[in-house]
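Please look through the sequence and the structure first.

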Amino acid sequence: MKVHSAEIVISAVSKAQYPDSQLPEIALAGRSNVGKSSFINTLIDRKNLARTSSKPGKTQTLNFYLIENVLHFVDVPGYGYAKVSKTERAKWGKMIETYLTDRQQLKAVVSLVDMRHEPTQDDVQMYQFLKYYEIPVIVVATKADKIPRGKWNKHESMIKKALGFEKEDDFIIFSSVTKQGKEEAWQAIESLAGI
């Protein structure tokens, strides 16, 4: 998809604030420093609609972005960041869980993992949670430009094995630097969003 129009509609902390719209939604979830904002900005050809931050864990709300008036990207708070209190983390966890399990408009979740490392326990739990609730998943392995291409297969296998990856899900190798995987990501999103 060629994006000409993208805007943040609302930063929601509760169900009452979700947009009153029937447009399909694609949620984006991942560890705080996995490159979620860079992924969004790459897909929509913007430098900073989604703020990239030197302080991981800054997103503490569900940020709804309206894309081309046909779908919403929903940026979910980054998980697993140590500087946030346990209470805060539990609160986010509840908010994310409520959104993921209750929202009719949600069509799929882009689950971002860092391609350089084995998935964390949080990454694995998120994937298993989505599978349990039968929510379609697109696994995006970010920061591929930091790994020699010859080692991509090895890293892909390591990630799939750790997640218990299932064949019906999409797995996309991605780099916001080289734009590797941008087209594939859009194809998977458009197909699951039905647009």
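From the N terminus on, the elements of the protein chain run β-β-α-β-β-α-β-α-β-α-β-α, which comes to 5 helices and 7 strands. Helices (H or I, at least four residues) and strands (E, at least two) are DSSP runs, numbered from the N terminus. This is a predicted model, in which local features need pLDDT of at least 70 and side-chain atom pairs count only at pLDDT 80 or more, while totals for chains, interfaces and linings use all residues. Residues are numbered from 1 along each chain as its sequence is written, and side-chain values use heavy atoms, with hydrogens and water left out.

**Confidence and overall packing**

- The mean pLDDT (the predictor's confidence in each residue, from 0 to 100) of the protein chain is 88, and 89% of its residues reach 70 or more.
- Over residues 53-57 pLDDT stays under 50, and the model has 7 contacts beyond four places in sequence for them; contact means heavy atoms within 4.5 Å.
- Where pLDDT is low, the predicted coordinates should not be read in detail.
- Of the 195 residues in the protein chain, 49% are buried; buried means under 20% relative accessible area, exposed over 50% and partly exposed in between (1.4 Å probe, protein chains only).
- Among contacts with a separation of 6 or more, 77% join residues 24 or more positions apart.

- Strand β3 (residues 62-67) is largely enclosed by the rest of the structure, because 6 of its 6 residues are buried.
- L62, F64 and L66 point one way from β3, while N63, Y65 and I67 point the other way.
- In a regular strand the side chains alternate between the two faces of the sheet.
- Strand β1 (residues 6-12) pairs with β3 in the antiparallel sense over 6 bridges, and E7 has L66 as its bridge partner in β3; two strands pair if DSSP finds at least two bridges between them.
- On β4 (residues 71-75), β3 has an antiparallel partner over 5 bridges, with Y65 opposite F73.
- The hairpin of β3 and β4 has 3 residues between the strands, and E68 in the turn has a positive phi of about 50°.
- N69, in the loop between β3 and β4, has a positive phi of about 60° although it is not a glycine.

**Helix α4**

- Helix α4 (residues 152-163) has the buried residues W152, H155, E156, I159 and L163.
- The exposed residues N153, K154 and K161 are on the face of α4 turned away from its buried side.
- Cover for the buried residues of α4 includes β5 (106-114), α3 (121-132), β6 (137-142) and β7 (170-173).
- Just after α4, G164 takes a positive phi of about 75°.

**Nonpolar cores**

- The largest nonpolar core has 32 residues, and Y99 and L100 have the most contacts inside it; such a core is a set of buried Ala, Val, Leu, Ile, Met, Phe, Trp, Tyr and Cys residues joined through side-chain atoms within 4.5 Å.
- Elements that each supply at least two residues of this core include β3, α2 (86-102) and α4.
- Beyond its neighbours within four places in sequence, Y99 is in contact with residues including L62, F64 and V74.
- A second, separate core of 25 residues includes F39, I67, F73 and I189.
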